Amino acid sequence: MSSFFKKVGTGFLVIILSPFIVLAYVLFAVYAVLKFIVLWFIAVSKFFVGEKITDPLDIDRKAANLFEEEQAGKKAKQPAPEAGKFAGATINIYSNKPLDEDFNRPISHFDTVNSQITSEDVKQLSEYETKMIENKKTTVTNEVEEDD
Amino acid sequence: MINFLIKLSETDKRLIIALFLLVILLLVIFGLIYDSVVRIMDKQGKKIDAMMSLPIASGLIMSRKQFKKIAHYKNDVQFYKTFSRIVALLIVAGVLHLIYFLVMEFVFSKPLNIWGTETGFASILYTFDWANIPTSTFFGLTLPSDWPAVINRPHFVLEAIGSYVVVPLYLVCIFGGFVTILAYLSRTLRVFKLTNTLFSADLSNKRIHDLGALSQNKNDSGINVPEDVSTAVVKK
């Protein structure tokens, strides 16, 4: 409720002072237009010298240089990463695109461009895997028989 | 008591209540407009902070005079950048207006009035007969009592097609110019404020021999006592 009365009071003051507010704004607008004309002449004169009015000031350039130096100093102070430690990241890529038949296995970090696996390799691999599984089975059954 | 002095009819009472509510509503609307304008100006003024933050943070600006000079220059350049777009749009609108005027004058031989209801922008707007608005007398005052009659209803006029383009461009220029000048004003005010506050120091609460930091070592009597003496040492 107090904020409502505050709004009403502000509105009352604005209405009373509105002629002065408008006058101040109009005077400033006239000043701004005159300033714009002056700035336009400055911009034109700078254009013929090969400069722009919007170019950064010397102080800005110096400040930017100082900032860059400070950032470089901070980077130099940072300790170097320890050797021998893995500092990589795993990226999981998902795609709706159907995979190539010849390449229907997960992508490994250790794959290189030259070591793309062909369908024959996959066949060999699967055969090798089945052999390994069979061997495992036989060893397990042998172990069981030995226990008996 | 008032009833003895002034005889008020039921209609008069209703009119008074309606007028009172209308005045309150107007005051609230003006208050809200003022608040929103102040908020916008604050936001626009903060741009100076962004423009001056790097030179200030780097410690290259050492004096009030230097700050004032650079901040005003940057403010002027920012105003020039934004206002030049408005001026460019105004020139485009002016050229289109001139072409439209020449076409209307020499091709259609019709007088050009871009704001009028005949061949102007007002043809697509409602126009009210404000001159003959219905009025009623209230305590000797003649006040409007109803909406005025509608003179023109929105309709498309082929000859006014130029004004449908030119008038919105002018309106955009007017609004854009108003906002740009307001932003320039708010940034200027911000520069003055920062000039006064940034390089000022308040020493009213400072003392030359400030013993505030020693307050931790004070005992109840308020006298500064060394730490090892004030705490009792119990030997076991």
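This passage describes the fold of two chains and the contact between them in a predicted model. Residues are numbered from 1 along each chain as its sequence is written, and chains are lettered from A, with ligands numbered from 1, in the order in which they are written. Local features need pLDDT of at least 70 and side-chain atom pairs count only at pLDDT 80 or more, while totals for chains, interfaces and linings use all residues.

We can start with the overall make-up of each chain. Chain A holds three helices and zero strands, in the order α-α-α; helices here are DSSP runs of H or I with at least four residues, strands are runs of E with at least two, and both are numbered from the N terminus. Chain B has five helices and four strands, arranged from the N terminus as α-α-α-β-β-β-β-α-α. Of the 148 residues of chain A, 3% are buried, and in chain B the buried share is 16% of 236 residues. A residue is called buried if 20 or more other C-beta atoms lie within 10 Å of its own, exposed if 12 or fewer do, and partly exposed in between, with C-beta atoms placed from the backbone.

Turning to the interface, 24 residues of chain A are in contact with 22 residues of chain B, contact being a C-beta to C-beta distance within 7 Å, again with atoms placed from the backbone. On the chain A side, α1 (2-49) and α2 (58-77) each supply at least two residues, and α1(A) gives the largest share, 14 residues. By class, this side has 17 nonpolar, three polar and four charged residues; Ala, Val, Leu, Ile, Met, Phe, Trp, Tyr, Cys and Pro count as nonpolar, Asp, Glu, Lys and Arg as charged, and the others, Gly among them, as polar.

The largest nonpolar core has 12 residues, including Ala32(A), Phe36(A), Phe83(B) and Ile181(B). Such a core is a set of buried Ala, Val, Leu, Ile, Met, Phe, Trp, Tyr and Cys residues joined through C-beta atoms within 7 Å. Two or more of its residues come from each of α1 of chain A, α3 (64-106) of chain B and α4 (161-198) of chain B. Leaving out residues up to four places away in sequence, Ile181(B) touches Phe28(A), Ala29(A) and Ala32(A). Another core, apart from this one, has six residues, among them Ile48(B) and Met52(B).

Within chain B, α3(B) and α4(B) pack with axes 9 Å apart and at an angle of about 175°. The axes are lines fitted to C-alpha atoms over the stretch in contact, and angles run from 0 to 180 degrees between N-to-C directions. The two helices are therefore roughly antiparallel, a label for angles over 145 degrees.

Strands β2 (residues 135-138) and β3 (residues 141-144) of chain B pair in the antiparallel sense over four bridges, where pairing requires at least two DSSP bridges. Thr137(B) has Thr142(B) as its bridge partner in β3(B). Two residues lie between the strands of this hairpin, in which Phe139(B) takes a positive phi near 50°.

Ser109(B), in the loop between α3 and β1 (127-128) of chain B, also has a positive phi, of about 50°, although it is not a glycine. Ser109(B) is exposed because 7 C-beta neighbours lie inside 10 Å.

Note on methods
Contact = placed C-beta atoms within 7 Å. Parallel < 35°, antiparallel > 145°, perpendicular 65-115°, else oblique.
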